[in-house]
Every structure is written in C-alpha cells, then in structure tokens.
Amino acid sequence: MPTVAVIGASRGIGLGLVERYAEEGWRVHATTRTPRDPGALGAVAGEVRIHGLEVTEAAQRRALRDALAGEAVDVLIHNAGVYGDGMTAAEVNRVNAEAPIETAEALMDAVVRSRQRKIALITSTMGARRGSRRGLGKYGESKAALNDRFRARADGWRRRGCLAIVIHPGWVRTDMGGRNAAIPVAESARGIYDVMAGLDESRHGGFWNWDGREHPW
C-alpha cells in the first residue's frame with residue numbers, strides 16, 4: 001500500500017486530495033490545525049490518520065517528523081496556505097512561502113525512505129511573474145516567493161533522490177476560491193493525483209497545472 005501525506009487537509013483542496021487518495025487505496029496521513037475537531041476530514045473512509053500541525057511552528061513540524069519516523073511517504077503534498085485578508089505581508093509570506101519549504105525538508109527523510117519519493121507544493125498562477133502587468137498583491141507575492149524558494153532547492157532535493165514540483169490547482173470552488181470558481185474540488189484533486197502519478201525526472205523542478213500542462217514562471 002503506498003502512502004501519501006497531505007499537509008493542510010481539513011477542507012477544500014486538501015480534503016479533496018485525502019478523499020481521492022483514500023479512494024484509490026492509499027494510506028493517508030492528513031494534517032489539520034484542529035485534530036480534536038477534524039470535521040469532514042474525520043469522516044473520510046479508508047486508512048486515514050489525522051495529525052495536528054500548525055505549519056509555522058517548528059516544534060509541531062518536528063513532532064510530525066517524529067510521528068512519521070517509521071513511515072515511508074511516497075507522496076508529500078503541501079497544501080496549507082492562506083489568502084491573507086487581515087494579515088500583514090510578512091505573516092502571509094511566513095505561511096505561504098517559508099512554511100512549505102520548512103515542512104517538506106522536515107519530512108524529507110520519510111519521503112526518501114519510500115519507493116516513489118515525490119513532493120508537490122501547492123502554488124498559484126497568481127504567483128507567476130511572467131506576463132504580470134500589475135502588482136501581484138500579498139497572496140501572489142507570497143506564492144512567487146514560494147516558487148523562488150523551491151527553484152533554489154530543487155537540485156538539492158533531486159540529489160536527495162526526490163522528484164518535486166510546484167503545482168497550480170486551478171481556480172477551485174473552495175472557501176478561498178469562491179462559489180463562482182470554475183473547477184470543483186474533486187476535479188482538481190483528481191488532476192493533481194494524475195500529475196503526481198505521472199511525475200518523472202523530466203518534470204522535476206517544474207511549475208505545473210492541475211491538468212498536466214506546464215505553467216510559465
């Protein structure tokens with residue numbers, strides 16, 4: 001049975017990914033900031049283990065690393081993020097740009113122990129600088145910073161034996177995306193699942209769309 005860890009899984013895309021992987025027969029490690037009140041995450045059928053994690057807290061990242069010390073995580077997907085209403089740019093950057101890298105590196109030993117050794121960080125088309133004619137805003141700047149941080153580390157992660165990408169999930173009908181968004185959660189999750197299933201060395205280090213198309217930086 002392959003194993004996936006979904007970081008930020010209590011709702012939206014993260015919950016959709018947990019449902020998708022569980023449906024496909026994977027063992028799932030899913031994180032939420034409220035493990036005692038997991039909501040819909042607690043109702044997902046299959047082999048799903050729920051962990052508490054606030055991604056900006058180093059002690060909690062270490063605790064999750066220790067909880068997975070005996071595990072081999074084939075696929076790690078970091079989905080946790082914020083849009084940033086009412087937050088400073090520094091606070092948004094901390095969650096969206098810094099924490100995903102720190103979390104992936106904290107859990108990399110578990111990924112390296114696996115057979116597939118795959119990592120995806122959820123980014124956004126709003127963080128693409130190419131073609132942008134106006135400011136990216138707090139959210140977009142944080143995702144652009146995530147992309148930059150990822151690109152600076154991709155070669156090192158490959159030397160560790162991992163295949164890694166950043167991926168845009170589409171404009172999805174979630175609390176963040178809004179009810180008028182174009183893509184249902186299940187469709188985005190299915191697309192991300194398929195992209196990860198097809199991830200090979202030729203795609204490592206890239207910026208990809210949920211539908212398998214390469215995205216400009």
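## Arg160 and Asp109

Arg160 and Asp109 form a salt bridge in which the closest N and O atoms are 2.8 Å apart. The two partners are 51 residues apart and link distant parts of the chain: Asp109 belongs to helix H4 (residues 108–112), while Arg160 sits in the loop between helix H5 (137–159) and strand E6 (163–168). The model is predicted.

Both residues are partly exposed: Arg160 has a relative accessible area of 37%, and Asp109 has one of 43%.

## Asp148 and Arg129

A salt bridge also joins the side chains of Asp148 and Arg129, at 2.9 Å from N to O. Asp148 is in helix H5 and Arg129 is in the loop between strand E5 (118–122) and H5; the pair, 19 residues apart, links distant parts of the chain.

Asp148 counts as partly exposed at 34% relative accessibility. Arg129 also counts as partly exposed, at 41%.

## Glu201 and Arg158

The side chains of Glu201 and Arg158 meet in a salt bridge with an N to O distance of 2.5 Å. Arg158 lies in helix H5 and Glu201 in the loop between helix H6 (185–197) and strand E7 (207–209), so this pair ties together parts that are 43 residues apart in sequence.

Glu201 has 56% relative accessibility and therefore counts as exposed, the cut-off being over 50%. Arg158 is partly exposed, with a relative accessible area of 27%.

Across the whole structure, the search finds 12 salt bridges.

Terms used:
Residues numbered from 1 in each chain as written. Predicted model: local features only at pLDDT ≥ 70, side-chain atom pairs only at ≥ 80, totals over all residues. Heavy atoms only, no water. Salt bridge = Lys/Arg side-chain N within 4 Å of Asp/Glu carboxyl O. Helix = DSSP H or I, 4+ residues; strand = E, 2+ residues; numbered from the N terminus. Buried < 20%, exposed > 50% of the residue type's maximum accessible area, 1.4 Å probe, protein only.
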